[in-house]
Amino acid sequence: MAMKVISADHAVAYGAKLSRVEVVPAFPITPQTLIVELLAELINDGELDAHFMPVESEHSAMSAAIGASAAGARTFTATSSQGLALMHEMLYAVPQNRLPIVMANVNRSLGAASGIWVEYNDSMPERESGWLQVYIEDNQEALDMIIQAYRIAEDRNVMLPIMVCLDGFVLSHTVERVDLPDQNLVDSFLPKFRPLHVLDPDEPVTMNPIAPPEYAMEMRYQLDRAIEGAKSVINAVDHEYSSLTSRSYGGLIDSYHLEDAEIALLTLGTVTSTARAVVDYLRAKGKKAGLIKLRFIRPFPAEELKLFVRDLKALGVFDRSLSFNGYGPVFTEVRNALYQEGIPITNHIAGLGGRDVSFKEALEMFQVIEKNAGNEKGMVCYWHGLRGGS
Amino acid sequence: MQEKEIRTIKDLSREEFLTKGHGACPGCGVAVAVKNIARVLGKNTIIYVPASCLIVFTALYPSSAFKWPFLYTAFENTGAVISGIKAALERRGKQGVTVVGMAGDGGTFDIGLQALSGAAERNDDVLYVCLDNEAYMNTGIQRSGATPFGAWTTTSPVGKKIQGKREFKKDLDAIVAAHGVPYMATLSIAHPNDFVRKVQKAKITNGFRFLHVLCPCVPGWRSEASKTVAIARLAVETGMWTLYEIDHGVEKLTYKPRELVPVKEYLQLQGRFRHMGEDDIEKLQNWICEKWRNQFYEEVPVPPCKLEKVKKELILDEDPLHGP
Ligand SMILES: Cc1ncc(C[n+]2csc(CCOP(=O)(O)OP(=O)(O)O)c2C)c(N)n1
Ligand code: SF4
C-alpha cells in the first residue's frame, strides 16, 4: 500500500493504471485533462503497458474505445461536459453491444452560458443511454471506484459500460491523501479481461447489425434487465473490495445516521460531505437528522431506497442539475421510486453552474425538510443560494 | 506471413467473404467492389462498416452477408473505430489481421473526414476503403462532396432556376495524400487487374492505407444495371476518374487513356446528367482537362464536345429505391 497526496483526476488515472487498462483513446477537456495527461506520462515512461491513442475528437475517442473493446482490450477513456455531449451518439452503441468500457466523466456544466465548473447537466441526460452511472464523493472513492468499475463492468452477468462521475474542480483539482492499493492486490481482485464476444477472424461474429422491429424491442428489454441485474453484482463487488481494503462504500447507496432519523437529505457527489457535517451539527442539537448518499443512479436502487426511507417523516432530494421547467432529475427518479411510500419529498436545487454549496445552504435544506414533515401540500421545489432569494 | 502475389484476377482466390444473398440492387457497383476486395484480403480480416448502403444490404439481423467479423456503429467514425480495433489486436498480440473500414463517399468526404484525417495523421495500421457512388444513396440520393458538377440529386434538383449540383467534386485523394500516408490508390471496377494489384499492395503495406473506388449506382445514377461496368470504364476513359497510386511518396498513373473521350459519352448513359446544357457540359469538360493538367503536368486537348442542348424536360423525383 502506498500513500499519495493527489487530485481526484490523478486518483482516477492511478485507478486505471492499477486496473491494467490496455487501450486509452483520449481527447482533452477541462477539468478532465489531468487524467489523460497523467496516463500519457505513465505510458510514455513505461510504467503502464498500454496503447495511448490521441484521437481528434471525443466522438472519435468513444468510437475508438468501442473498436478496442469489441476487439477484446480493456479500454478506458475520460471526458467532461461538451466532450460527453459530443460522444452522445456513440454512447448508445456501447451498452447495446455489451462492451464493458469504463469512462470517467468529470462533471462540468454544458453551455450555454458556458462555464467550466461542476454541474451534473452533462451526465444526467445520459441516464437514458444504458450506461451505469456512479457519483463520487472524494478522491479515495474515485480511485477505488475505477478498479471496482472494471470488476462490475466485466462481470459476465453485467457486461455493461460504467461512467464514473466526479465533481469538476471540487474533486478533480483538489488534492487529498489517497491510499494506492498494491498492484498484486488489485490483480487478485480484478482478473484479466475475458470478452464475451470478440472480433476475431478465427471465429467471425457480426456485431450490431440493423435490427428490424421484429427483434429490436427484445434487445432493449434484455438490456433493461441486464441493468437491473447489475445491482447484486455492484453490492457484491463493494463487499469483496472492502474485505481486501477495509473500504466499503455501500454499493448502490449508502447512509449516515439514518437508523433513527426522522428527516433526511438525499445527496450525491461532494455535497454529501457538506451534508454529513450538517447532520453532525443537527444531531448535536438533538435533531433526528440523517443522510442518504446515492451512489448509482443507473441502476437506480429503488427497492433499497424504499427500505431506507421507511421510518422517515420527510425526505429532501438534492439536485445539481435541472430539467428545465420541472424538477431536478434525481428528484424525479426518487419520487418515482417512492410514489406509494406516502412521505413528503422536497426538491433542493443548488450549486448550479459550479456555485458553492455551503454549510449554511445544506442546513437550510434540512430546515425546509423538517418544516415539510407531515405537510404533503407544501411547495415541492426549493432553490438554495440563489442571489435575490427564491 | 508470405503473401502469394496477385498480379491478375486469375490469381484471385475463389473463396468469397461477401456471400450471395445480400440485398444490393442488381448492378450495384459497391457490391462488385466489396466482393472483389474481399477476395484479395482473404480470411484474416475484420471489417467495420458505417451507416451506408453497405450496412443495409449486408447486415440486417438476423442474417449477415459477411464471413468476416463485422462491426457497425455510426456514420462518421470509420477512421476512429478501425484504429481502436487495430490497437486492441496489437495489445493482444494478434498479427497478420487486416482491419478494414469500408465507408461511402458521404461517410468519407463529408461527415467522416475528421476521423479519416485523424487515423491518417496517426498513421494507424489500418485499411480505409471509400466506396464512392457520388451521393448519399442509403438515404435516397442526396448530394455529397463527391457528387460531380451538374449531377441531379434530390438535394441538387433540376429546378427552373438552378439545375443540378453547382460545385465540382472535392479532391479527397489530394487531401488524403497531403497526410503523407504510406499507400493510397484510386480503383475502378472496370479495370480488374489494376484493381486487384492495388488491393494486394494495400493489404501488405504497413501503416495507413487508403483505397478509393468509383462505384456506379443504378438508382442514384439513373443508369441501367447492365451498364455498370461500361459506365465505370467510360469514367476512366473520359478522365472523370483517374487511376493512380501513391506508394510511399511515389506517384504513378496506373492507366492512361490513349486520348480522353469527350465527357458527353459518359454523361449520356446516366439520367442524373440528362438535363445538362452545352454550357455546363463544357464547364465540366474544362474541369477535367484542368484536373488532368494539375495532377499530371500534361497538356490535354479539350476533346471535341459539340453538344445539343437537350430540350426534353426531365422528371427525376420519383420515389427513390432506398429509404432513409
Ligand atoms: C449522424 C448521422 N447523420 C445522418 C445519418 C443518416 N444517413 C445514414 S446513411 C447516410 C448516407 C450514406 O451515404 P454514403 O456515405 O455516401 O454511403 P452510400 O449509402 O451512398 O453507400 C445518411 C445521411 C446517420 N446515420 N447518422
Ligand atoms: S442504391 Fe446504389 S449503392 Fe445502394 S445498393 Fe443500390 S446500387 Fe448499390
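I looked up B:Cys53 first: one of its backbone N or O atoms sits 2.9 Å from an oxygen atom of ligand 1. I count a polar contact as a pair of N or O atoms within 3.5 Å. For B:Gly107 I read 2.8 Å, again from a backbone N or O atom to a ligand 1 oxygen. For B:Ala135 the corresponding distance is 3.0 Å. The protein covers 76% of the 590 Å² of accessible area that ligand 1 has on its own (Shrake-Rupley method, 1.4 Å probe).

**Basis.** I am working from a predicted model, where local features need pLDDT of at least 70, side-chain atom pairs count only at pLDDT 80 or more, and totals for chains, interfaces and linings use all residues. Residues are numbered from 1 along each chain as written, chains are lettered from A and ligands numbered from 1 in written order, and side-chain values use heavy atoms, without hydrogens and water.

**Ligand 1, shell.** I find ligand 1 between chains A and B. Of the 17 residues around ligand 1, B:Cys53 and B:Gly107 are among those that come nearest (a heavy atom within 4 Å). By class I get 7 nonpolar, 7 polar and 3 charged residues; Gly goes with the polar ones.

**Largest pocket.** I note a volume of about 1,200 Å³. A pocket here is an open set of points on a 1 Å grid where a 1.4 Å probe fits, with protein on both sides within 12 Å along at least five of seven lines; lining residues have an atom within 4 Å of a point. The lining has 43 residues, with A:Met219 and A:Leu223 among those nearest the centre. α8(A) gives the most, 10 residues.

Terms used: Polar contact = N/O pair within 3.5 Å; in protein donor to acceptor, adjacent residues only side chain to side chain. Points joined across faces, edges and corners; volume = space filled by probe spheres on them. Helix = DSSP H or I, 4+ residues; strand = E, 2+ residues; numbered from the N terminus.
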